[in-house]
Amino acid sequence: MTTPLLSIEQLSVTLDNKKVLLDLNLILEQGDILGLVGASGCGKTTLLHAIAGFTKISQGQIIIDGKVLSNTKQSLPAEQRQVGMVFQDYALFPHLTVKQNIAFGISKLTHSEQLKQVKHLLGILKLEEYANKFIHQLSGGQQQRVAIARALAPKPKLLMLDEPFSNIDARLRTELMLEIRSLLKLFNTTAIFVTHNKDEVFTFADKMAVMANGYLLQFDQPNIICQQPNSYQVADFLQLG
């Protein structure tokens, strides 16, 4: 039996005396892309931050590839977790060029290894002609690609994206989502992305998790959840009623 890439067991998080996540269980296999949906304030971003190591957990444990990242006794620092993060605003460095941004997280590699990895990602993400440009010279879609290239450069075991398509022009969004999905499949990268838009899940994800008030209500393939919602809350969120 293979080990799941990500295993979250009975996870709870309390912030400022408020329970934000409650008894959450989740398993992802290698290469799965999960779309995490739910109303604002339901705990989606807190879950990403707990996995990444930005937020301390109160109960349960988070395991990646058989290695415990967090439990009530220990918490591995964020930089040791092999988890990549793409933020909603991309958080790119304006004073660095595209290739310098991509190389930022792989400074421990030799110079030649850095160049090789950056060149590889520039090619796959169709950014070669922008390698020496600065971030303000790029379109939103190009900035999105740079953010993903930078997150993929250290070869993370898990990639997390917080509303990655919300700043992209609607006309380009589906095309970019299909491109990024193909890229993740090419790398066999396991990924979790947060969205408010259930239609994005059908375009981008293999699995879907619906959250409300800190609870994980349902976790399955998107078409199964839409055909067989397990509660009125899931049906209501997906507007299936």
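# A walk through the cores, hairpins and pockets

Run a search over the whole structure and one cavity of 30 Å³ or more turns up. A cavity here is a set of points, on a 1 Å grid over the protein atoms alone, where a 1.4 Å probe fits but cannot get out, and lining residues have an atom within 4 Å of a point. Volumes are the space filled by probe spheres set on the points, with grid points joined across faces, edges and corners.

Before you click further: this is a predicted model, where local features need pLDDT of at least 70 and side-chain atom pairs count only at pLDDT 80 or more, while totals for chains, interfaces and linings use all residues. Residues are numbered from 1 along each chain as its sequence is written, and side-chain values use heavy atoms, with hydrogens and water left out.

**Stop 1: the cavity**

Select Ile 64, Lys 67, Leu 69, Leu 76, Gln 80, Arg 81, Gln 82 and Lys 157, which line the largest cavity. The space inside comes to about 40 Å³. Colour that lining by class and you get three nonpolar, two polar and three charged residues. For the classes, Ala, Val, Leu, Ile, Met, Phe, Trp, Tyr, Cys and Pro count as nonpolar, Asp, Glu, Lys and Arg as charged, and the others, Gly among them, as polar.

**Stop 2**

Next, pick β4 (residues 59-64) and β1 (residues 6-15), which pair in the antiparallel sense over five bridges. Strands (E, at least two residues) and helices (H or I, at least four) are DSSP runs numbered from the N terminus, and two strands pair if DSSP finds at least two bridges between them. Zoom in on Ser 7: its bridge partner in β4 is Ile 63.

On to β5 (residues 67-70), which pairs with β4 over three bridges, again in the antiparallel sense. Ile 62 has Ser 70 as its bridge partner in β5. What phi does Asp 65 take in the hairpin of β4 and β5? Asp 65 has a positive phi near 50°, and there are two residues between the strands.

While you're here, select Ser 12, which lies in β1. Is Ser 12 buried or exposed? Ser 12 is buried, with a relative accessible area of 13%; buried means under 20%, exposed over 50%, and partly exposed in between (1.4 Å probe, protein chains only). Leaving out residues up to four places away in sequence, Ser 12 touches Leu 21, Leu 22, Asp 23, Ile 57, Ser 58 and Gln 59, where contact means heavy atoms within 4.5 Å.

**Stop 3: the other hairpin**

Jump to β9 (residues 207-212) and β10 (residues 215-220), an antiparallel pair with five bridges. Ala 212 stands opposite Tyr 215 in β10. Two residues sit between these strands, and Asn 213 in the turn has a positive phi of about 50°.

**Stop 4: the cores**

Now show Ile 102, Val 146, Leu 159, Ile 180, Leu 184, Phe 193 and Phe 204: of the 46 residues in the largest nonpolar core, these touch the most other members. Helix α4 (residues 140-152) gives the most to this core, with six residues. A nonpolar core is a set of buried Ala, Val, Leu, Ile, Met, Phe, Trp, Tyr and Cys residues joined through side-chain atoms within 4.5 Å. Centre on Ile 102 and, beyond its neighbours within four places in sequence, you'll find contacts with Val 118, Leu 121, Leu 122, Val 146, Ala 149, Arg 150 and Ala 153. A second, separate core has 30 residues, including Ile 57, Leu 76, Val 83 and Val 194.

Met 160, in strand β7 (residues 158-162), is buried, with a relative accessible area of 0%. Apart from residues up to four places away in sequence, Met 160 touches Leu 48, Ile 51, Ala 52, Val 83, Gly 84, Met 85, Val 86 and Ile 192.

**Stop 5: the pockets**

A pocket is an open set of points with protein on both sides within 12 Å along at least five of seven lines. Of its 23 lining residues, Glu 79, Val 83, Gly 84, Gly 105 and Pro 154 lie nearest the centre. By class the lining has 15 nonpolar, four polar and four charged residues.
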